[in-house]
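Visitor: Hey, can you walk me through this one? I'm new to looking at structures.

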Amino acid sequence: MNEQVVICPNFYRDDGFKEALLIHDVLQAEGIPSAVYPLFISLNTPEVQRLLERVPLAQSLESARLLIAIGGDGTVLFLARRSMEYQIPVIGVNLGDKGFLAELDGTDMAPLIAAARGDFRESHRMMLDVQLVRNGEVVYEDTALNDVVLKSVHNCIAVTTKIRNEVTNRFCGDGIIVATPTGSTGYSLSAGGPIVEPEAENMVITPLAAHLLSAKAFVVSGNREVEITADRVRGRPTVISVDGNDAIDFLSGDELIVRKSQHETIIADMQLRPFYERMLDILSR
C-alpha cells in the first residue's frame, strides 16, 4: 500500500520552496509521511540541494497516494500529465491567478491535512489522446487534460472538422480548439465556447476567430473521434499545442486526430465550494 504524500512544488511559483517546506513540516507534525518531487528544475541545482537537506526526495511518483501540486493551474496540468500512468489523486495549492484546478489557499492547512489523510472526494476528469498524422504515419502523440489547439501563427487558414467521416464544421479563421470539460473554462471559454461541468465526458470544439457567422462552438459526445485538417497552410506557419505546451509544426496535408483517452486525472476534491459558485467568483475577478 502506498503511504507517502508527495509534495510537488513549481520552482517558478514557490519562491525558495517556502510553501513546500511549510506543508512538509505540517504533515510531519501530524504524523503523515511526505516527500518532495520538485517540478521544472534539475535536482542538481543548489536550490534543490538545499531543499533536500530538510525534505526527503521522492524517487518517483509511483509510490505516492496523493500528489500536492504547488503553483497554479498550469502546475496541476503538468503534474496530471506526468503522473497519468499511476492514477494518483492530485490536489492543487494555488500560487497563480485563476485557480480552477488549484483551488486551495496555501495559508489554510486544514484541507491539506484532511486530504493527506484521505478525506476527499475523487473527481474523475476526462483526458484527450492527440495524434498528428503526416503522410499516413503518426509523427506526434500526446495526452491533454485541458485542450489541444490548432492555430495559425500569422494568417487565416481554412479548417475542416469531421466526425464519423462527416463534415461537422468548415470555416476560415485563426484555428480551432478541442477542449475537455475541465478545459472548457480555459482558452475555449475566452474564444466563445460554453462552460461544461468538469466531470462530464464531452469534447468542446471551438473555432478561433472564424470568418463565418455560423461557425459556433459545439459539444460532442466523448466517445466520438474528431479529425481536423487545414487548407492554405503552405507558407503560413501553423502549429498545434497540447495543454499550452511546446508548439508542434502542422504542415499542409497533416491531420489532427483527437479522441477520449483511456487515462483520466483524479482531482482530490475537498468540496469547499460548489463548482458554479467558485467558477462565477473566478470569472468575475
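This is a predicted model: local features need pLDDT of at least 70, side-chain atom pairs count only at pLDDT 80 or more; totals for chains, interfaces and linings use all residues.

Visitor: What does Ser83 touch, not counting residues up to four places away in sequence?
Guide: Ser83 touches Leu61, Leu67 and Val90. A contact here means heavy atoms within 4.5 Å.

Visitor: Where does Ser83 lie, and is Ser83 buried or exposed?
Guide: Ser83 lies in helix 3. Ser83 counts as buried because its relative accessibility is 3%. Buried means under 20% relative accessible area, exposed means over 50%, and partly exposed is in between (1.4 Å probe, protein chains only).

Visitor: How many residues of helix 3 are buried?
Guide: Eight of the 11 residues in helix 3 (residues 73-83) are buried, so the helix is mostly covered. Among them are Val76, Leu77 and Leu79, along with Asp73 and Arg81.

Visitor: OK, zooming out. How many helices and strands does the protein chain have?
Guide: The protein chain has six helices and 16 strands. Those are DSSP runs numbered from the N terminus: helices are H or I with at least four residues, and strands are E with at least two.

Visitor: And what is the radius of gyration of the protein chain?
Guide: The radius of gyration is 20 Å, close to the 19 Å that the globule rule gives for 285 residues, so the protein chain is as compact as a globular protein of that length. The radius is taken over C-alpha atoms, and the rule is 2.2 Å times the number of residues to the power 0.38. Along its principal axes, the C-alpha trace spans about 60 × 40 × 35 Å.

Visitor: What share of the residues counts as buried?
Guide: Of the 285 residues in the protein chain, 51% count as buried. As for contacts between residues at least 6 apart in sequence, 68% of them join residues at least 24 apart.

Visitor: Let's switch to helix 1. How many residues does helix 1 have?
Guide: Helix 1 (residues 18-29) has 12 residues. From its first C-alpha to its last, helix 1 reaches 17 Å, close to the 16 Å expected at 1.5 Å a residue. That expected span is 1.5 Å times one less than the number of residues.

Visitor: Which residues of helix 1 are buried, and what covers them?
Guide: The buried ones include Leu21, Ile23, Val26 and Leu27. Their cover includes strand 1 (4-9), helix 2 (46-52) and strand 3 (64-71). Just after helix 1, Gly31 takes a positive phi of about 75 degrees.

Visitor: Which residue other than glycine has a positive phi near 65 degrees?
Guide: That's Asn165. Most residues other than glycine have a negative phi. Asn165 is found in the loop between strand 8 (157-163) and strand 9 (166-173), and Asn165 is exposed, with a relative accessible area of 64%.

Visitor: What about Gln271, where does it lie?
Guide: Gln271 lies in the loop between strand 16 (255-269) and helix 6 (275-283). Its phi is near 55 degrees, also a positive value, and Gln271 is exposed at 53% relative accessible area.

Note on methods:
Residues are numbered from 1 along each chain as its sequence is written. Side-chain values use heavy atoms; hydrogens and water are left out.
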